[in-house]
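Trainee: Could you take me through this model, beginning with the fold of one chain and ending with the contact between chains?

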Amino acid sequence: MIYIPIARAVAESFSESLFKLAIPSHLRSPSTVTSKYCDVIHHDDVNQFSLLVMPEDVTLPIHVAADPSELIALLNQFVVDEKITQQELDDIIAALQALSGQRFNPAQLIPQSWLPYVMTREQAELAGYVV
Amino acid sequence: MRLLFLIAFCIACGSKEKLAPQADDLEILRSYYEDNLAKLKGIPSKTDCDGLLWAGLAKAGGVELDLDAFQSDSGELHRRPSKDCYETGDSRSSVSNDMIVGWAWGVYYSKDAKALEKFLQFAEDNKMIVGKPKNGVGEVLVKPNVQGLLGRLSYHLKLGSRPYGGIRLPYQESNKDYVKHIQTLMIALDGELSDKMPELDIKLVCKYAKEDKDDYLMAAVCSVYNGGITDAINLLIEEPEPPSYVRGDQKERYRLAHWLFTANYLLNQGD
C-alpha cells in the first residue's frame, strides 16, 4: 500500500469518484456494500491532509459508461489550489479517456508534483496517522 | 512494488534544483553582512518566550552564541534559557514546533550533531511529545513535516537515517505572517538537506514572496530556486522595514538576527 496525502475535505469523495469509474452510480446494484476505491485515514492534529491508502499494484476497470466528470472536478480544484499543474490534469484526463473499457492502476496516475509527498506505511504511522 | 521503488527515489520528480549566485553579488553582500554581524552579540533575547526561534536563526546567521543554554541535559528544548515559560504562564507551552525549526537551523549551521542526537533521543523516547503540557489539548507533538526535517538533518549530520526522515507533507498555504515565516524556514532548511526540492514547496515560498515584496527572506529563498538572486541581494541591502513576524521584546535584535540569517543563507549558496 502507498499513502497519498489529499485535502481532508475531499478525501472521501475522491475515493468514491474513483470507485464510480468501475461501477457508475446508475449501474450500481443495491447489494453493493462498498462505495469507495480505497480507505481514507485521518490525523488527530493535521487537519489539512488525510491519506488515501491506495494499493500500489491493483488495477481497476473503467466502465465504458463511466462518467469521470466528478473525479475531474475534484482534480480541477487541485489545479485551482495549485497543488497539481493544468498539464498534469490534462494528462490524467487523456489517460482516463484512452483507458475507457480497460483496466488501469490509479496509483500510476499520481502526478509528478505530488509524488514527493507519497508515504510508506511506516512513514504514515510515524507521522501520526492511525493506520 | 515498482511504484514504491519509484516513490522511494522520487525526489527528482516534480522537483527544483538550486541556482548559484554570482560571486560579485556575494562580495557586495559580504561587506554589509560583516557590518551587521558586528552589531549583534550573544542570544538575541533571554527573556522572550520566542527566544529559541530567534537564537537559532541568529546562530545560523553567524552570531556567536550558546544555543545549549536552551537545552536540558535530557535533551529537552525550552523557549528561553531560564526554561520556565510554561511554569510562569508566560507561554501556553514549554516549547513549540516553531521554536524547534529555529533551533534546527542553528544546529545545522553549527553542525552540532551532539545536540541534535540528544533532542532526537528525547523525542523518540517520548513518542514525539517534547514539551509541556504533556497530554491532551495543547500538547507539544513534533509535527510530521518537522519530524521529516529533523530526520533528514540527522542524516546530514551523519547521525544515521531516522525512519521518519522520509516524511514530507505538502504545506498548506496560510495568510498568517508567522506561519508563512516558519514554512519558509522549513522549506529553506529542507533545501539545504536535499539535493532537489518539491516544486510545490518552492512555488509556495515564491507566492509568499510575491505577496510581500519587501520580505527579503522569502525573496531570497525563492530566488535560490527560481532565479533573481541579484534582486534578492539588492532588496536585502536596501533593508526595507522588517516583516510583521519580526516582533517581540527585543524587536531590534530580532531584526538584526533576521537580516543576518537571510544574508548568511545567501552567502552560503556560493560555497
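This is a predicted model: local features need pLDDT of at least 70, side-chain atom pairs count only at pLDDT 80 or more; totals for chains, interfaces and linings use all residues.

Trainee: How many helices and strands does chain B have, and in what order do the elements of chain B run from the N terminus on?

Mentor: Chain B has 11 helices and 2 strands, and, read from the N terminus, its elements follow the order α-β-α-α-α-α-α-α-β-α-α-α-α.

Trainee: Why is chain B said to be as compact as a globular protein of its length?

Mentor: One sets the radius of gyration against the globule rule: for chain B the radius is 18 Å, close to the 18 Å that the rule gives for 271 residues, so chain B is as compact as a globular protein of that length. Along its principal axes, the C-alpha trace of chain B spans about 55 × 50 × 35 Å, and 51% of the 271 residues count as buried.

Trainee: What share of the contacts in chain B between residues at least 6 apart in sequence join residues at least 24 apart?

Mentor: Among those contacts in chain B, the share that joins residues at least 24 apart is 68%.

Trainee: How should I read the contact between the chains, and how many residues does each give?

Mentor: The size of an interface is often given as the accessible area lost when the parts come together. Here we have residue counts, with 24 residues taken from chain A and 24 residues from chain B. On the side of chain A that touches chain B, the elements giving two or more residues are strand 1 (2–7) and helix 4 (121–126) of chain A, and helix 4 of chain A provides the largest share, 3 residues. By class, that side of chain A has 12 nonpolar, 6 polar and 6 charged residues.

Notes. Residues are numbered from 1 along each chain as its sequence is written. Chains are lettered from A and ligands numbered from 1 in the order in which they are written. Two residues are in contact if their C-beta atoms, placed from the backbone, lie within 7 Å. Helices (H or I, at least four residues) and strands (E, at least two) are DSSP runs, numbered from the N terminus. Ala, Val, Leu, Ile, Met, Phe, Trp, Tyr, Cys and Pro count as nonpolar, Asp, Glu, Lys and Arg as charged, and the others, Gly among them, as polar. The radius of gyration is taken over C-alpha atoms; the globule rule is 2.2 Å times the number of residues to the power 0.38. A residue is buried if 20 or more other C-beta atoms lie within 10 Å of its own, exposed if 12 or fewer, and partly exposed in between; C-beta atoms are placed from the backbone.
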